[in-house]
Amino acid sequence: MILGQKIAIPSVDKCHQIPAYYALPDHKPKGVIVVIPEIFGLNSGIRWRVDRWAKAGYFAIAADLFWKIAPEVELDPDLPEEMQQAMLYYQKLENEAALATVEAAIQYARSKQPDCKIATVGYCLGGFLSFILAARKKVDAAVCYYAVDIDQHLSEIKADHPPLLLHFGDHDNFVSEQAIKTIRSAFAEQKQALLYVYPEAGHGFATEKGKRRAEKSAELADQRSLDFIERNL
């Protein structure tokens with residue numbers, strides 16, 4: 001049985017310790033999956049995703065994006081007051097600081113599994129960060145679930161980017177239909193970029209539990225993500 005654990009990993013500059021959660025497979029890892037959270041901390045949903053990737057045969061890890069603002073906070077998006085709290089933390093978080101946190105997780109994973117390829121799998125803000133890391137060629141593949149603001153940063157990614165998989169719901173109140181069209185158009189001629197839009201699915205449709213989950217869309221997106229990772233790692 002796969003059971004992850006909380007750990008602390010060194011920051012990129014080695015001056016701080018960052019809360020994280022990781023899990024190991026029962027055998028030699030097929031690769032590394034860095035799970036990038038939404039804006040709700042290392043909550044049970046993120047930990048379940050880490051465990052799930054370990055069960056699939058990967059070294060999996062997620063780092064706490066809010067470690068400087070509210071370390072080890074766990075929030076529930078279905079509770080209005082906690083959603084509001086998450087949005088306040090999000091407004092305080094700078095993209096480069098968040099990217100540095102994910103890079104710390106990548107560095108830690110690489111130190112433990114130096115022979116493995118690495119992919120990021122991110123959700124919402126984490127999806128955006130996953131996209132940027134692919135654009136900067138920091139990873140070997142990237143999966144982005146309902147990533148915000150990608151349409152505003154398409155100039156950052158080059159034609160020779162790593163394999164990229166994008167999931168969006170067609171009822172997303174944070175990613176507009178026009179934004180999805182813009183993103184689809186930008187990647188229309190690129191075979192290493194896949195984009196799927198899920199009908200009747202809103203923002204957070206692939207969450208592990210709660211009101212936002214759209215069961216059929218979540219299962220299909222997760223299977224596509226697994227197939228994509230299997231091909232590319």
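Predicted model: local features only at pLDDT ≥ 70, side-chain atom pairs only at ≥ 80, totals over all residues.
**Domain record**
I started with the UniProt entry, which is unreviewed; its annotation "domain: Dienelactone hydrolase" covers residues 18-231. I then looked at that span in the model: 38% of it is helix and 21% is strand.

**E72**
I looked up E72 for its backbone angle. Phi is near 65 degrees, a positive value, and the residue is not a glycine. I placed E72 in the loop that runs between strand 4 (59-63) and helix 2 (80-92). Buried or exposed, I wondered about E72? E72 has a relative accessible area of 52%, so I put it down as exposed, the cut-off being over 50%.

**D149**
Next I turned to D149, another entry on phi. D149 is not a glycine either, yet its phi is positive, at about 70 degrees. I found D149 in the loop between strand 6 (141-145) and strand 7 (164-171). Its relative accessibility is 37%, so I logged D149 as partly exposed.

**S11**
Where does S11 sit? I traced S11 to the loop between strand 1 (5-10) and strand 2 (17-23). With a relative accessible area of 6%, S11 is buried, because that value is under 20%. I followed the side chain of S11 and found that it reaches the backbone nitrogen of C15 at 3.3 Å. Then I left aside the neighbours within four places in sequence and listed what S11 is in contact with: H16, I18 and A104.

Methods: Residues numbered from 1 in each chain as written. Heavy atoms only, no water. UniProt positions renumbered as here; feature names shortened; annotations may be inferred. Helix = DSSP H or I, 4+ residues; strand = E, 2+ residues; numbered from the N terminus. Buried < 20%, exposed > 50% of the residue type's maximum accessible area, 1.4 Å probe, protein only. Polar contact = N/O pair within 3.5 Å; in protein donor to acceptor, adjacent residues only side chain to side chain. Contact = heavy atoms within 4.5 Å.
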